[in-house]
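Hello,

Here is the structure I promised to pass on. Please open it alongside this message and follow along.

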Amino acid sequence: MDSNLAAGLAMGLGAIGPGIGLGIAVSKAMEALGRNPEASGAIFVPYVLGIALAEAVAIYALVVSLLLIFVK
Amino acid sequence: MVPEGRANDVLGAVEVTGQDPDRGASPGGGSGGPPLNWALALDLGLRLGISVIVGIGLGLLVDSWLHTSPLFTLVGVVLGMAAAMLTIWDVAKQAMRR
Amino acid sequence: MPIFAAGELVTVSIKAEPLFTIGPFTFTNSMVGALLASALLLLMGWYFTRRSTLVPSRLQSLLEFPIEWMAGIVETSGGRMWRGFVTLVLTFFLMILVANWIGLLPGVGTVGEVHHAEGGAELVPFVRPASADLNFTLGLALIAFVAFVSWGIRINGVRGYLSEFLGEPRYMAPLMAPIHVISELSRLISLSMRLFGNVFAGEVLLATMLALVPLAVPTVFIGLELIFGFVQALVFALLAMTYITLAIAEHAHHDEDSSPHVAQPAPAETHPSAPEAA
């Protein structure tokens with residue numbers, strides 16, 4: 001019982017940070033793209049790296065919650 | 001879509017139909033370099049997370065063989081993080097080459 | 001373990017449930033789903049080879065459309081040897097697409113037999129979408145992995161492929177080799193886990209929604225699953241293509257010059273790429 005609650009809390013709380021971070025990153029990228037639409041090639045790669053790093057944190061939270069459910 | 005039989009082209013006919021170069025691939029995709037498309041973007045986040053997990057898993061495996069309890073697990077964590085950073089470095093280098 | 005009873009929460013089990021046994025071999029319901037998807041694709045292939053004409057009829061154009069579209073993508077971003085792996089990428093795309101979309105047909109995942117086990121009743125559906133089974137996705141990812149390795153060895157030679165493992169400064173080889181092994185394994189596992197996670201979560205979502213509000217709301221989620229199934233099939237196929245192109249291009253990546261690759265047979269340029277803005 002406790003491990004289910006812990007798993008839910010781990011994923012739920014662990015997704016707050018990456019969610020906010022990804023939102024900020026995407027909004028800045030959209031803003032830069034809006035100012036200068038021809039720079040989409042130059043914006044794309046750092047944008048991809050940024051969202052990959054933020055998403056990796058969410059994956060760590062997911063793995064912790066899966067471990068809590070499936071490993072006694 | 002192109003009305004000629006692209007299916008024939010797939011199956012090995014000789015002629016190459018001209019296509020507009022940026023269909024389906026975001027910047028790059030030139031003469032043979034690996035393309036930087038949106039599928040790679042979706043993939044990168046999950047790969048970074050799983051690199052660390054695979055590193056920890058391999059470390060645990062070696063630990064269970066050699067009975068050196070936390071040593072190889074920690075080495076696995078470090079190697080997993082290094083693999084994640086290497087992945088990012090590869091993508092950045094490939095982009096800087098363009 | 002999975003419990004299906006009116007009024008309780010519905011769960012879908014992670015492991016595919018076995019249906020019957022033939023000799024030493026157990027058939028699970030996701031195997032039935034995979035066979036159904038393969039049968040549909042084979043039917044489409046038979047139709048193409050038997051009854052297709054040069055000026056296509058409407059059904060033939062409809063069936064040709066995904067093939068042309070995907071082949072176009074592979075041609076533009078696949079590099080020089082795209083003809084070698086375009087059929088593999090197409091097979092990945094079509095197989096995963098049909099396997100995902102079979103999960104949306106009425107009766108898949110809901111029509112089955114009820115086993116009364118200890119603690120409650122359990123619904124074992126007859127058909128389950130194949131990509132909701134980790135065995136299927138892991139098998140596809142293994143096929144893709146063998147494709148990456150074999151293309152790398154075929155184009156760059158065993159020496160070239162292994163020199164990629166040992167990294168650029170040779171003295172760092174004992175550090176770079178395990179890191180590279182971990183990186184390759186993470187590609188394999190991430191390919192299989194992404195597909196499995198998305199389709200399985202979609203199954204659970206649909207089962208829960210159908211149990212909660214059976215009347216009009218699940219339509220939205222079936223639409224969501226349609227889009228997700230398509231996107232996941234596309235991502236798998238594009239990633240397979242990208243990694244094969246990456247494995248092929250490793251050799252020229254060390255040469256540090258942008259002239260055409262010296263080690264590869266070059267029948268013709270695919271197309272002169274337009275001067276990019278990037």
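**Chain A**

Chain A has a mean pLDDT of 90, and 97% of its residues reach 70 or more. Within chain A, confidence is highest in helix 2 (residues 16-35), at 95. It is lowest in helix 3 (residues 40-70), at a mean of 89.

Now the fold. Chain A has three helices and zero strands. Read from the N terminus, the order of its elements is α-α-α. The radius of gyration of chain A is 17 Å, while the globule rule gives 11 Å for 72 residues, so chain A is more spread out than a compact globule. The C-alpha trace of chain A spans about 55 × 15 × 10 Å along its principal axes.

How much of chain A is buried? Of its 72 residues, 18% are. Then look at contacts in chain A between residues at least 6 apart in sequence: 81% of them join residues at least 24 apart.

**Chain C**

Chain C has seven helices and four strands. From the N terminus, its elements run β-β-α-α-α-β-β-α-α-α-α. Chain C has 278 residues, and 38% of them count as buried. Take its contacts between residues at least 6 apart in sequence: 67% join residues at least 24 apart.

Which residues touch the most other members of the largest nonpolar core? They are C:Val89, C:Phe236, C:Ala237, C:Ala240 and C:Ile244, in a core of 83 residues. Click on C:Ala237 to see some of its neighbours. Leaving out residues up to four places away in sequence, C:Ala237 touches C:Met70, C:Val89, C:Phe92 and C:Phe93.

Next, find C:Thr76 in helix 2 (residues 58-77) of chain C. Is C:Thr76 buried or exposed? C:Thr76 has 22 other C-beta atoms within 10 Å, and the cut-off for buried is 20 or more, so C:Thr76 is buried. Now compare C:Thr76 with C:Arg128. The two are 52 residues apart in sequence. In space they are 36 Å apart, C-alpha to C-alpha.

**Where chains B and C pack**

Look at helix 3 (residues 71-96) of chain B and helix 5 (residues 173-212) of chain C. They pack at an angle of about 75 degrees, and their axes are 9 Å apart. Angles of 65 to 115 degrees count as roughly perpendicular, so these two helices are roughly perpendicular to each other. Which residues make the contact? From helix 3 of chain B come B:Leu79, B:Gly80, B:Ala82, B:Ala83, B:Leu86 and B:Thr87. From helix 5 of chain C come C:Pro178, C:Ile179, C:Ile182, C:Ser183 and C:Ser186.

**Where to be careful**

The model scores ipTM 0.84 and pTM 0.81. Chain C averages a pLDDT of 80, and 82% of its residues score at least 70. Its confidence is highest in helix 3 (residues 82-102) of chain C, at 92. It is lowest in helix 7 (residues 250-255) of chain C, at a mean of 54.

Two stretches of chain C need care. Over residues 1-7 of chain C, pLDDT stays under 50, and the model has 15 contacts beyond four places in sequence for them. Over residues 255-278 of chain C, pLDDT also stays under 50, with 31 such contacts in the model. Where pLDDT is low, the predicted coordinates should not be read in detail.

Best wishes

Note on methods
Residues are numbered from 1 along each chain as its sequence is written. Chains are lettered from A and ligands numbered from 1 in the order in which they are written. This is a predicted model: local features need pLDDT of at least 70, side-chain atom pairs count only at pLDDT 80 or more; totals for chains, interfaces and linings use all residues. pLDDT is the predictor's confidence in each residue, from 0 to 100. The radius of gyration is taken over C-alpha atoms; the globule rule is 2.2 Å times the number of residues to the power 0.38. A residue is buried if 20 or more other C-beta atoms lie within 10 Å of its own, exposed if 12 or fewer, and partly exposed in between; C-beta atoms are placed from the backbone. Two residues are in contact if their C-beta atoms, placed from the backbone, lie within 7 Å. A nonpolar core is a set of buried Ala, Val, Leu, Ile, Met, Phe, Trp, Tyr and Cys residues joined through C-beta atoms within 7 Å. Axes are lines fitted to C-alpha atoms, for helices over the stretch in contact, and angles run from 0 to 180 degrees between N-to-C directions. Angles under 35 degrees count as roughly parallel, over 145 as roughly antiparallel, 65 to 115 as roughly perpendicular and the rest as oblique.
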